Amino acid sequence: MDTRSQILDAAYRLIQRSGAASLTIEAVAKEAGLSKGGVLYHFSSKQKLIEGMLEASLSHFEQEMQKYPQEGAGAKTRAYVEATFDSPAVPEIPSAIMAAIATDASYLRIYQDRYQIWQAELNQDGLSPERAMLLRLAADGLWMADIFGLSAPTGEAREKLRAEMLRLAGVNNE
């Protein structure tokens, strides 16, 4: 693991264990087993560290989407759905996101901007924009249900939901 990832992982663990107020450069350095200067070399401020955490979570999901075919009508929407089902919900990441947004709502803009890009791409995916948005919102709802234990489907019910969402993202049912 590279140092930047080591720092981000330490920050996620720290927030998960001790809450958003515990996030300081010094605390992250200690958690990561680095000097304060080592953390500041990669993230020049606490704000940059938080932005790095948010960007890393978004980039991770984009990498997961890239594992699926990107060609053909509905392919990007199917990739979004598949990545949601196949990427385990990691409670530390949303906790970090919510903690960051709770301390400064301007951090929400990072997510808003990326979701706007994703939705624009899905709108041009060959499905109706309404269907693409419906599937994105359903996938996002599943992600939230997984993270917060909000009666998320499991087992056969989960697989049936996945199959139905992928069917709706198919080409032959417009």
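User: Which side chain does Ser 87 make a polar contact with, Glu 64 or something else?
Analyst: Glu 64: the two side chains are joined by a polar contact of 3.4 Å. Keep in mind that this is a predicted model.

User: Where does Ser 87 sit?
Analyst: Ser 87 is in the loop that runs between helix 5 and helix 6.

User: Is Ser 87 buried or exposed, and why?
Analyst: Buried, because its relative accessible area is 11%, and the cut-off for buried is under 20%.

User: Which backbone oxygen lies 2.8 Å from its side chain?
Analyst: That of Ala 83, which is 2.8 Å from a polar side-chain atom of Ser 87.

User: OK, switching to Ser 22. Where is that one?
Analyst: Ser 22 is also in a loop, between helix 1 and helix 2. Its relative accessibility is 17%, so Ser 22 counts as buried.

User: What does the Ser 22 side chain reach?
Analyst: The backbone oxygen of Leu 14, at 3.5 Å. Leaving out residues up to four places away in sequence, Ser 22 touches Leu 14, Ile 15 and Ala 27.

User: And how do helix 1 and helix 2 pack?
Analyst: Their axes are 8 Å apart, at an angle of about 110 degrees. Helix 1 and helix 2 are therefore roughly perpendicular to each other.

User: Which residues make that contact?
Analyst: From helix 1, Gln 6, Ile 7, Ala 10, Ala 11, Arg 13, Leu 14 and Arg 17; from helix 2, Ala 27, Val 28, Glu 31 and Ala 32.

User: How many residues are in the largest nonpolar core?
Analyst: There are 41, and Leu 23 is among those with the most contacts inside it, as are Val 28, Leu 49, Met 53, Leu 54, Met 65 and Tyr 80.

User: Which helices supply at least two residues of this core?
Analyst: Helix 1 (3–18), helix 2 (25–32), helix 4 (46–65), helix 5 (75–86), helix 6 (92–103), helix 7 (108–123) and helix 8 (129–148) each do. The core also draws at least three residues from each of domain 1 (1–44) and domain 2 (46–169).

User: How far apart are the C-alpha centres of domain 1 and domain 2?
Analyst: They lie 25 Å apart.

Conventions: Residues are numbered from 1 along each chain as its sequence is written. This is a predicted model: local features need pLDDT of at least 70, side-chain atom pairs count only at pLDDT 80 or more; totals for chains, interfaces and linings use all residues. Side-chain values use heavy atoms; hydrogens and water are left out. A nonpolar core is a set of buried Ala, Val, Leu, Ile, Met, Phe, Trp, Tyr and Cys residues joined through side-chain atoms within 4.5 Å. Buried means under 20% relative accessible area, exposed over 50%, partly exposed in between (1.4 Å probe, protein chains only). Helices (H or I, at least four residues) and strands (E, at least two) are DSSP runs, numbered from the N terminus. Domain bounds come from an automatic or database domain assignment. A polar contact is a pair of N or O atoms within 3.5 Å; within protein, one must be able to donate a hydrogen and the other to accept it, and residues adjacent in sequence count only if both atoms are side-chain atoms. Contact means heavy atoms within 4.5 Å. Axes are lines fitted to C-alpha atoms, for helices over the stretch in contact, and angles run from 0 to 180 degrees between N-to-C directions. Angles under 35 degrees count as roughly parallel, over 145 as roughly antiparallel, 65 to 115 as roughly perpendicular and the rest as oblique.
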